[in-house]
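Keep the model open while reading.

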Amino acid sequence: MLSGLQNVSLLITQPHACSYLEQRTARNLVVDPRLRLDAARYEQLLDQGFRRSGDAVYRPHCPQCQACTPVRIPVREFAPDRAQRRCMKRNEDLELVRASTINSDILALYERYLRARHEGEGMEPDDHFGFERFTACTWMPVEYWQYFDRDRLVACAVVDVLPNGYSAVYTVFDPGPDYAGRSLGTLAVLSQIHAAEREGKDYVWLGYWIPGCGKMEYKKRFRPQERSDGAGWSRIAE
């Protein structure tokens, strides 16, 4: 049973190839799918290192590896660094539209993004149902934050809406050369931080940071941040 949560049963998966570190085997703890969840209860699970994929809520449980480190940003103390301020300035011309449903423009952007950035990594660019399945959720509000350059969709961040913050699920952006210097992934996180602060929320959860995983390095640049060791959260200031 998890601390502070009553009647939460956990299942464990069979060993499988790690999605983040090569030549490693992973296992997950999965919250029993029969448990009735909502945004408030999921926020409690986030506090204990869990994440979701679709309706499934999981936490890495690898006996010989504890590399996956949950990360969250305390938004009221966040201060953008010089590069992040430049990112916001550079993208002032973009319009942000928050929607609760997916659309064909988002799916087309997802396909272009995968073909350019993650070809051959096991995710099929034209598997639109797969994208919808792992981003959508039946028991919690999910928003698709769309960034437009005039009438062109150039980025989309999938964001879980929580009582006390936001949780970044996945972000796709235009892989073309016209937007290579925009740092659109960074912009998406900055947008979530500033929205949370305006709305009186406390945190933006960024999922896992993994030492040695290049795809996760950008998360280190959001400071101060808090990381969990499984027993609690501690502040990382520098």
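## Strand β13 and its partners

Strands β7 and β13 run antiparallel and are joined by 2 bridges. Two strands count as paired if DSSP finds at least two bridges between them. Helices (H or I, at least four residues) and strands (E, at least two) are DSSP runs, numbered from the N terminus. R72 has E226 in β13 as its bridge partner. On to β14: β13 pairs with β14 in the antiparallel sense, over 4 bridges. The hairpin of β13 and β14 has 4 residues between the strands, and G230 takes a positive phi near 100° in it.

In a regular strand, side chains alternate between the two faces of the sheet. Both faces of β13 (residues 225-228) are covered. Q225 and R227 on one side are buried, as are E226 and S228 on the other. Buried means under 20% relative accessible area, exposed over 50%, and partly exposed in between (1.4 Å probe, protein chains only).

## Basis of the model

The model is predicted: local features need pLDDT of at least 70, side-chain atom pairs count only at pLDDT 80 or more, and totals for chains, interfaces and linings use all residues. Residues are numbered from 1 along each chain as its sequence is written, and side-chain values use heavy atoms, with hydrogens and water left out.

## The whole sheet

The sheet is open and has 8 strands with mixed pairing, in the order β8-β9-β10-β11-β12-β7-β13-β14. β8 (95-99) and β14 (233-236) stand at the edges; each has a single partner strand, so one side of each lacks a neighbour in the sheet. On average, neighbouring strands of this sheet are turned by 30° against each other, direction ignored.

Strands β11 (residues 165-173) and β12 (residues 203-209) pair in the parallel sense over 3 bridges. G165 stands opposite Y203 in β12.

## Helices on the sheet

Helix α1 (residues 39-47) lies across β7 (69-74), β10 (152-162), β11, β12 and β14. Its direction is at about 90° to β10. Helix α5 also packs on the sheet, touching β7, β8, β9 (142-149), β10, β11 and β12. The direction of α5 makes about 160° with that of β11. Axes are lines fitted to C-alpha atoms, for helices over the stretch in contact, and angles run from 0 to 180 degrees between N-to-C directions.

T186 lies in α5 (residues 184-198). T186 is buried, at a relative accessible area of 15%. Leaving aside neighbours within four places in sequence, T186 is in contact (heavy atoms within 4.5 Å) with Q84, C87, R221 and F222.

## Aromatic pairs and charges

The structure holds 10 aromatic pairs. Rings of Phe, Tyr and Trp (its six-membered ring) pair if their centres lie within 6.5 Å; planes under 30 degrees apart count as stacked, over 60 as edge-to-face and the rest as tilted. Y110 and F131 are stacked, 4.1 Å centre to centre with 25° between the planes. Y110 sits in helix α3 (residues 104-117) and F131 in helix α4 (residues 128-135), 21 residues apart. Both are buried: Y110 has a relative accessible area of 3%, and F131 has 1%. Y203 and W205 form a tilted pair, 5.5 Å centre to centre with 55° between the planes.

R72 lies over the face of Y203, 3.9 Å from the ring centre. The charged end of K201 sits over the ring of Y166, 5.4 Å from its centre. The criterion is NZ of Lys or CZ of Arg within 6 Å of the ring centre and within 35 degrees of the ring normal.
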